[in-house]
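Q: I'm new to this one. Can you walk me through it, piece by piece?

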Amino acid sequence: MAKIMTINNETDLKQQKKSMVFDLIYKKYLNFDERQLDSYTIQVLEEDIKNISEAIFPKQFDDNDRYEISKSFREKIGVIALAARVLTDPKKKYDDWYTDDLIKNQDNFYWNRFKTFLEQQATISKPVITRLDSDSKRIVKKLGNPGGGHFLIKGMVIGNVQAGKTLSYSAVINKAIDAGYILIIVLAGSTEYLRSQTQSRLNRDVIGKTFKKETSTALETPIGVGLISLDKGFHTIETSEEDDFNLTRKRSVDLDQQTAPSAIVAKKNVNVLKDLNKWLRSTGKQAEIPVLLIDDEADNASVNTGKEDEDPKAINREIRNILKNCNRITYLAYTATPMANIFIKPDEYNDEDYEDLFPSDFLVSLQAPTNYCGGDFFFINEETSNLAVEEIEDNENSLPVKHKKIDPIISLPNSLIEALEYFYIICAVKDIRRQKGIIDKKNNDNLFDSFLINVSIFQRRQNDLKPMIENEVDKIYDAIHAYGAIPNNNSTLIRLKKVFDEKVSKNEDLNWSQILEILQASPKPEVISINRESPDKLNWDIEGNKRKIVIGGYILSRGLTLLGLTVSYILRNSQAYDTLMQMGRWFGYRNGYTDLVKLWCTKTTRRNYSHISLALEEFNDMITTMERENLAPRDFGMRIKSHPEISVTAKNKMRSAIEWQETVSFSDTHYQTYVFDKNQEIQDNNEEAVFTLLDEIKHKIVEKNTQNSPHILFNDVPFNHVYRFLEKFKIHTYNSVFGDHDLLMRYLAKHQSGFLSNWDVAIFAKKSGSNTVESIKNKFNKEIMYEDRTIYFSKDFPNDRDALYLSGNRGIGASGTRLIGLEEGQERADRIKPILIIHFLNAKTKNDTPENLKEYKNHKFMGITQIIPSYKGEDDSVAYMVNKKYYDDHFITANIGWGEEEEE
């Protein structure tokens, strides 16, 4: 016993020391300005941890200790919140009205109040608030000048599903009001659930009060920002959580005479929007006030789905009428799935009053912080996805994916019962983490635990499922309370313990008795069926039941947030990318319980989500490239990979889209890396990949090189060695000449038995350099010097992110690189053999190198050159859906009509 106590005391002391190091770093971090935040990479963080821990506790921390501190710190702050990508038209002259002087000289009441509220809530980390401030400032700069003349500005903000779009437009609204916008209209989805949720959020984040049923003046209690200050308020709020905009209840208010703002949160319902337009037309004065129109979920219901020779569809027409009825208005669309919006044909209709909603003035792509659990977390990154995703294989006999509305539900599949059991256990684990402070209890959202079940589009079937779920919940609850303290537990408890042992205990310092003790004191989860045919209501009352199992379909598939969502069970599989991604309510932030999140889905659904996630990553990279090249939204040559079974978006939203087979060929190509990741872990990974390859092929070394070459050469290296190396070697995405890495790997694999079956591999030798690569000298007894490469910087090279440029001309190889391994007068095409060249690089700086880049002086990087000879055979192609701009730029010679439909 005494020995155990000693160990525990030593463990506690070690934990206290780690906490001290954590606190010192966190205090330093809180004093960073925006530039320092941008440059505080994981590599810099880990160097700080090492330096500080060695300074105060020398030789007491190992790599695992430092990793634990790093992990805790990254979870707390969200690590990095990268700047938004912004596209504007460089040929268009914009009114630069939102200047630093204007911001400095106005009181900024609404933004300062909102920022203070966020800081006091402590639910959002400092870097995220700082990034929110700078990103919203960049967006407001693109809005129309509320103090100027007439304007119509159209923009779009693209975010990720459940990644903070509402937070973004709340910040934009607060700043816009400070700047002089009078009327704020938010179009909040097409369901009353979503509209009410948005109203509640804006009451908290912007307005500061809630409102009694069917009145706009009888105020209830201050909430959110209203608890900070009510020194300034709103002139009128025309909607409440209970009531949408309605002309019969509309107060007669002359907004033109007001300086205080007014707000409307309306559903995208044609009758509601018609009433709104009647009111806007009711007095000419209202047309003159500055209006900010936020279109949330802008790809849903807003997009014109009519043919070009027909009137736009009703909701689209009414939104365009709002623009027509206001002389000073900014239309700002928000969406996580922008495919339909970008496929809007950007040309105007013949009638100038009916110009479509294409974001012709600006396009912003928000970058989610690195603690966001999105497509990469669930479907791409093997390390996280294998833990987070459980494949459903037993549903077809009881809950088939394809079914009719009247089909009975015979029983629950074991996988669903297992998910329910897991939910019970995880609620207990989260309770323990809340007690320990691992999950922040100051954030009321973190007090809830929810479970999503989305297995059918039919409301009747959802409601039929509810009593069956309730029965299983009762069974688990009764077993815990009746048999939890009795040895030789009953079958339900045996199943529960099995789930705990297999899916939880390995990662938790907890035992089954602790879990049972928590469960016996816990409430029974509430089961809710949420659809129009169900009387159930989804209530997030802090005094009510905080454990919710929510069954639904359409309402759960668009915009609705489930607080504390930890477990999801989905059998739905949409026919469109955007619809499928919007079903992903499990995306979002799960600080303190990321490792507990689980999604049950079918193998097909998992495969489709993986494809879409990769396609959207490529799409985001296109926006990044366009920003660097200073291109306008109308220049958005959009392409997105198509899928043989599901479409990019609904067919009626793709009138201006065409499928294009893009040929993929890497024949006769010479690629070099010139951009490198600042993350030291990635560089260490690349160095390890290089030496693994060299160990595998060392017997292929050519002792006497051709042309007395100083390079180290390996001949006739089998394909599989090079392919495995390229799978492991991480190439920064800014190396655009490498193209699509997946396509490159597929191309190599296709030709593995042909002209790419054998390779030359070389280690590049530069005559002079900073110092010798000792590991190469020891391995091959040959002198290889690190190649000195000066860090390159300019406005077109965004070194302030995760990228470091060691060349301005997109290459690191010398002019004679192509000749390595060849006889005099020979060309690589003659040899019909590819070559992989490895470069050992050393970063150098100049006097004018920016301070934030000088820290990378003498950092070592691994670069590669890849030369593939000419190939005359037939190459692969990949299918994309492309918009008009991309089509015009790449396929203009084809004799295909644009936006025309074939006659049936």
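A: Start with one term: a residue counts as buried when its relative accessible area is under 20%. Also keep in mind that this is a predicted model.

Q: OK, take lysine 598. Is it buried or exposed?
A: Lysine 598 is buried, because its relative accessible area is 6% and the cut-off is under 20%.

Q: Where does lysine 598 sit?
A: It sits in strand β18, which covers residues 598–602.

Q: And which residues is lysine 598 in contact with?
A: Setting aside neighbours within four places in sequence, lysine 598 is in contact with Leu387, Ala388, Glu390, Tyr422, Lys503, Thr566, Val567 and Ser568.

Q: Which sheet has β18 in it?
A: An open sheet of six strands, with parallel pairing. The order is β12-β18-β16-β13-β15-β14.

Q: Which strands are at the edges there?
A: β12 (389–392) and β14 (526–530). Each of them pairs on one side only. From one strand to the next, the twist averages 20°.

Q: Pick a pair inside that sheet. How many bridges join β13 to β16?
A: Five, and the two strands run parallel. β13 is residues 449–454 and β16 is residues 565–570. Within that pair, isoleucine 453 stands opposite tyrosine 569 in β16.

Q: Which strands does helix α15 touch?
A: Helix α15 (residues 414–436) packs on this sheet and touches β12, β13, β15 (547–552), β16 and β18. Its direction makes about 160° with that of β13.

Q: What does helix α16 lie across?
A: β13, β14 and β15. Helix α16 is residues 459–483, and it runs at about 175° to β14.

Q: Zoom out. How many helices and strands does the chain have?
A: The chain has 27 helices and 29 strands. It has 904 residues, and buried ones make up 55% of them.

Q: What about contacts along the chain?
A: Take contacts between residues at least 6 apart in sequence. Of those, 79% join residues at least 24 apart.

Q: And how much accessible surface does the chain have?
A: About 39,900 Å². Carbon and sulfur atoms account for 46% of that.

Q: Now the eight-stranded sheet. What's its strand order?
A: β1-β10-β2-β9-β8-β3-β7-β6. It is an open sheet with mixed pairing. β1 (85–88) and β6 (236–237) are at the edges with a single partner strand each, so one side of each has no neighbour in the sheet.

Q: How much of β2 is buried?
A: Seven of its eight residues are buried, so β2 (residues 151–158) is largely enclosed by the rest of the structure.

Q: How does β2 pair with β9 and β10?
A: Eight bridges join β2 to β9, and the two run parallel. Leucine 152 has isoleucine 329 in β9 as its bridge partner. Four bridges join β2 to β10 (residues 362–365), again running parallel. There, methionine 156 stands opposite leucine 363 in β10.

Q: And what joins β8 to β9?
A: β8 (residues 291–296) and β9 (residues 328–335) pair in the parallel sense over five bridges. Isoleucine 294 stands opposite leucine 332 in β9.

Q: Which strands does helix α9 lie across?
A: β3 (183–188), β6, β7 (262–266) and β8. Helix α9 is residues 192–207, and it runs at about 155° to β7.

Q: New topic: α22. Which of its residues are buried?
A: In helix α22 (residues 719–728), the buried ones include Phe719, His721, Val722, Phe725 and Leu726. They cover an arc of only 165° around the axis, which puts them on the same side of α22.

Q: Last one: how many disulfides?
A: The count is zero. As for individual cysteines, cysteine 326 is buried at a relative accessible area of 4%, and cysteine 601 is buried at 0%.

Note on methods:
Residues numbered from 1 in each chain as written. Predicted model: local features only at pLDDT ≥ 70, side-chain atom pairs only at ≥ 80, totals over all residues. Heavy atoms only, no water. Buried < 20%, exposed > 50% of the residue type's maximum accessible area, 1.4 Å probe, protein only. Contact = heavy atoms within 4.5 Å. Areas by Shrake-Rupley, 256 points an atom, 1.4 Å probe, with all protein chains shown as cover. Pairing = 2+ DSSP bridges. Axes fitted to C-alpha atoms, helices over the stretch in contact; angles between N-to-C directions. Arc of directions from axis to C-beta. Disulfide = S-S within 2.5 Å.
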